[in-house]
Amino acid sequence: MAGPSALFIPARTKEDTMATAVYPGSFDPVTKGHLDIIKRAAKINDHLIVAVLINSAKHPLFTVEERVALLQECCKGIPNVTVESFDGLTVEFAKKRHASVMVRGLRAVTDFENEIQLAQTNHALMPGIETMFLATSIKWSYLSSTIVKEAARYGSNISKFVTPNVEAAVEQKMAALRAKGEQP
């Protein structure tokens, strides 16, 4: 039978490598569900990079620069979080940032099928990067950026879904689209 010391893993020392994690996404816009994952991932990793995807195939509401700025404002009270944009494969970005962990949030079972496929592909491409799945808090399990944009498009109050800075930015963006005669 193993002694008590075999049951415990000692805490890392300063000489150990710092664990850097990447939490990628489009964050168009960042929601309180995203922030829940960011705060929880920041607690269990030494450094968390929130990586905003530049995806030319999508037509986001916010530019990548606007999304980065909104996230930086939302994360300013979390000292070990930085926000960057990237283009290309997430694992390549993670490798360049010396990250060993990829953080992914799961809202429901339906997310799992796609996320496990991505995790397995990423592991095949970069075996040194592990995927950490965090289940979204029940409070935010229904929430997505798409839902926020849809609610805002029809003039609903989105304050319970996003932070005040994001709410103001979404409202400004929707008003600008309406002023131009475009469908928000």
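A: P29 sits in the loop between β1 (20-25) and α1. Helices (H or I, at least four residues) and strands (E, at least two) are DSSP runs, numbered from the N terminus. The peptide bond leading from D28 to P29 is cis, with omega near 0°. This is a predicted model, in which local features need pLDDT of at least 70 and side-chain atom pairs count only at pLDDT 80 or more, while totals for chains, interfaces and linings use all residues. Residues are numbered from 1 along each chain as its sequence is written, and side-chain values use heavy atoms, with hydrogens and water left out.

Q: What is the order of the secondary structure elements in the protein?
A: From the N terminus on, they run β-α-β-α-β-α-β-α-β-α-α. That comes to six helices and five strands.

Q: Why is D28 called buried?
A: Buried means under 20% relative accessible area, exposed over 50%, and partly exposed in between (1.4 Å probe, protein chains only). D28 has a relative accessible area of 4%, so D28 is buried. Over the protein, buried residues make up 41% of the 184 residues.

Q: What is D28 in contact with, leaving aside neighbours within four places in sequence?
A: Contact means heavy atoms within 4.5 Å. By that rule D28, which lies in the loop between β1 and α1, is in contact with P60, L61, F62, R67, S145 and K149.

Q: Are F27 and H98 buried or exposed?
A: F27 counts as buried at 3% relative accessibility, and H98 counts as exposed at 67%. F27 has a positive phi of about 50° although it is not a glycine. H98 has a positive phi of about 60°, and it is not a glycine either. F27 is in the loop between β1 and α1, whereas H98 is in the loop between α3 (90-96) and β4 (101-106).

Q: How do you know that the buried residues of α5 are on the same side of the helix?
A: The buried residues of α5 are S145, V148, K149, A151 and A152. They cover an arc of only 165° around the axis, which puts them on the same side of α5; the arc is that of the directions from the helix axis to the C-beta atoms. Their cover includes α1 (32-44) and α6.

Q: Why is the pair of Y142 and F161 called edge-to-face?
A: Rings of Phe, Tyr and Trp (its six-membered ring) pair if their centres lie within 6.5 Å; planes under 30 degrees apart count as stacked, over 60 as edge-to-face and the rest as tilted. For Y142 and F161 the centres are 6.1 Å apart and the planes are at 75°, so the pair is edge-to-face. Y142 lies in the loop between β5 (130-135) and α5 (145-153) and F161 in the loop between α5 and α6 (164-179), so the pair ties together parts 19 residues apart in sequence. Y142 is partly exposed at 42%, and F161 is buried at 13%. A search of the whole structure finds four aromatic pairs.

Q: What makes a group of residues a nonpolar core?
A: Such a core is a set of buried Ala, Val, Leu, Ile, Met, Phe, Trp, Tyr and Cys residues joined through side-chain atoms within 4.5 Å. The largest one here has 39 residues, of which I38, L48, V50, L71, V81, V103 and I158 touch the most other members. A second, separate core of eleven residues includes A51, F86, V91 and M102.
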